[in-house]
Amino acid sequence: MHMANELLSIPVAAGTLAIAAGGLGFICRKVREVLTGDKLPLMGILGAFVFAGQMVNFQLPAMPGTSGHMVGAVLLAIILGPHLGAIVISSVVIIQCLIFQDGGLLALGCNVINMALVPSYVGYFLYRTVTAGRFSPVRAYVGAMLASIIAIEAGAVLVPVQAALSGVLAVPFSTFLITMLGVHALVGLMEGLITVAVLAYLQQVRPDVVTDTLPGRVRLSRKSVLVTLLIFTVVIGAGLSLLASGMPDGLEWSYAERPDEPDFPPAVSNEDSAIAAVDEFQEKYSPMPDYSRRSSKLGEPAGEGMEAHVGWTSFAGVVGSAVTMVVIWLVAWLLRKKQARTA
Amino acid sequence: MHHAYIDKFAYQDSPVHRLDSRVKFLVVLVFTAVVISLPRTSVSILFCFAVGPFAILVLGKVPLRFAFKHILLVSPFILVLALTFPFYDRTPVTVAFGPLVWDTTLGWMRCFTILGKFVVTVLALIALVSTTRFSDLLAGLQRLGVPSLLVIQLGFLYRYIFVLIDSAHHILRARAARAIGKPGFNTELKVAGGMLGSLFVRSLDTAEHINVAMHARGFDGNWRTINKLQIRSADYLFALVAAAFIFGLYFFVRPVLQ
């Protein structure tokens with residue numbers, strides 16, 4: 001479920017990059033307060049473990065010839081705690097992007113959110129909720145299973161949402177959503193089974209790892225988990241809704257018109273003056289102008305309307321991405337400065 | 001410990017390799033952003049944009065065969081999505097290409113645009129990582145404001161991926177040597193769980209050893225490098241040329257090609 005650059009528009013990519021950078025910066029700062037130097041090698045090695053672990057495959061039942069492998073986010077979140085787990089899995093996603101070109105550079109924000117931040121926190125929270133109180137194997141297994149399935153589904157749901165906000169999909173939103181949910185229900189189920197199997201093994205060999213005493217975990221009170229989760233929900237929710245209101249294009253595209261049937265009555269009518277104003281603004285300054293079906297032919301000159309505002313749209317696109325890059329840089333710079341002051 | 005097959009070209013020497021990693025990273029980022037924001041139906045302009053990464057790969061002495069093999073390896077997800085376009089978008093358009101004119105649908109054009117953008121942006125990313133040592137890239141990223149904890153984490157991860165992949169290979173070979181017939185899903189899962197678990201325990205032990213060894217050598221949680229990053233005149237020149245290329249195409253060639 002690595003998101004590719006091509007499935008995102010510039011505003012969505014920039015927004016998710018900003019959210020991911022801000023989130024990671026925040027976690028790094030929080031972890032730095034409690035982390036000492038000896039835990040750094042452990043985190044690095046466990047990141048490498050995720051890579052190596054993905055090579056250990058097993059035959060899937062009922063589908064001969066196919067095999068599944070571990071994703072690892074939930075396992076690490078359970079064992080390391082959500083903060084360290086999130087950093088480790090984020091680093092795995094970043095390496096996958098930079099070294100293996102799996103998932104694009106602009107899509108890195110989406111990928112970090114979908115595959116590292118959301119699964120780690122959701123998974124950890126669910127696991128802790130189920131296993132609250134005294135440790136018992138049954139609870140641990142049920143918790144790990146539930147955490148794996150829901151954490152992976154939660155990340156998977158975000159993929160069609162981000163793509164729809166970007167307005168690049170030809171597939172109807174609901175079809176894409178259902179496909180993603182269906183495929184990732186299977187992935188989550190496998191992930192749950194393998195996580196439980198690994199936990200069962202670890203409980204026999206290194207019981208200290210599965211209960212609470214692994215050297216190198218950051219202890220968290222339930223309250224702080226809840227607060228962090230709440231903050232992330234608000235931040236991500238606010239980010240997405242901002243994007244949604246700033247870029248009506250994506251949802252509009254999937255709900256309000258049917259490009260294959262021009263006469264199709266729109267499901268949502270934009271009679272409101274505010275929406276009309278946004279529409280007009282967007283038409284003028286959007287970095288990605290709505291393509292015009294009839295004039296965009298290869299090798300044929302574009303219509304006059306296109307030519308008239310080409311200069312403006314490209315100007316807005318460049319300034320927009322430059323401003324966003326400056327914002328990301330500033331956020332990280334501020335966090336680093338603050339970190340340097342507290343250290 | 002063979003990093004060999006993914007970034008062996010990063011350790012070569014060429015004018016591109018000697019450029020500052022920060023400049024290269026920012027250029028690739030801007031390039032990707034510009035390519036992604038191109039209109040959804042213009043295929044021809046993508047060829048112009050592909051010239052950039054192509055030139056870098058050539059100057060950096062990276063075989064194109066390697067690059068395209070890699071692109072094929074990472075393409076399945078985007079390929080499936082791109083192939084949905086012809087099914088959902090059947091608006092007929094007439095395409096003219098030089099003397100050739102033929103009828104097709106908008107879906108096919110968008111399918112090819114998406115695939116073209118994918119190839120061009122992945123090519124740019126390959127051009128970046130196969131002409132930059134990962135340690136230089138990390139140092140550059142840290143200078144650009146990435147938190148040091150994340151940079152250290154990425155450094156450790158990169159260093160030990162292949163150590164643990166070697167371990168995983170040993171475990172896989174051991175299973176293959178012992179497996180007879182089809183054991184059924186339950187056993188399969190149990191075996192895989194055991195393999196991953198023992199790999200995990202091994203990782204914990206390795207981490208402990210590394211920790212002790214690094215402590216003995218004075219590691220206190222900070223990365224120190226003797227590598228001084230500096231932006232020289234060649235970097236300014238590269239940035240200027242890249243900017244002229246990207247924005248020249250975007251402002252002057254794109255409106256014409258459309």
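Q: Leaving aside its neighbours within four places in sequence, which residues is Ile87(A) in contact with?
A: In this predicted model, local features need pLDDT of at least 70 and side-chain atom pairs count only at pLDDT 80 or more, while totals for chains, interfaces and linings use all residues. Residues are numbered from 1 along each chain as its sequence is written, and chains are lettered from A in the order in which they are written. Two residues are in contact if their C-beta atoms, placed from the backbone, lie within 7 Å. With neighbours within four places set aside, the partners of Ile87(A) are Ile27(A), Cys28(A), Val31(A), Met43(A), Leu149(B), Leu150(B) and Gln153(B).

Q: Which residues touch the most other members of the largest nonpolar core?
A: A nonpolar core joins buried Ala, Val, Leu, Ile, Met, Phe, Trp, Tyr and Cys residues through C-beta atoms within 7 Å, and a residue is buried if 20 or more other C-beta atoms lie within 10 Å of its own. Among the 168 residues of this core, those touching the most other members are Leu76(A), Ile87(A) and Ala144(A).

Q: How many residues of chain A are in contact with chain B?
A: On the chain B side, 87 residues take part in the contact between the two chains. Their partners in chain A number 82.

Q: How many helices and strands does chain A have?
A: Helices (H or I, at least four residues) and strands (E, at least two) are DSSP runs, numbered from the N terminus. Along the sequence, the pattern of chain A is α-α-β-β-α-α-α-α-α-α-α-α-α-α, and its secondary structure comes to twelve helices and two strands.

Key
A residue is buried if 20 or more other C-beta atoms lie within 10 Å of its own, exposed if 12 or fewer, and partly exposed in between; C-beta atoms are placed from the backbone.
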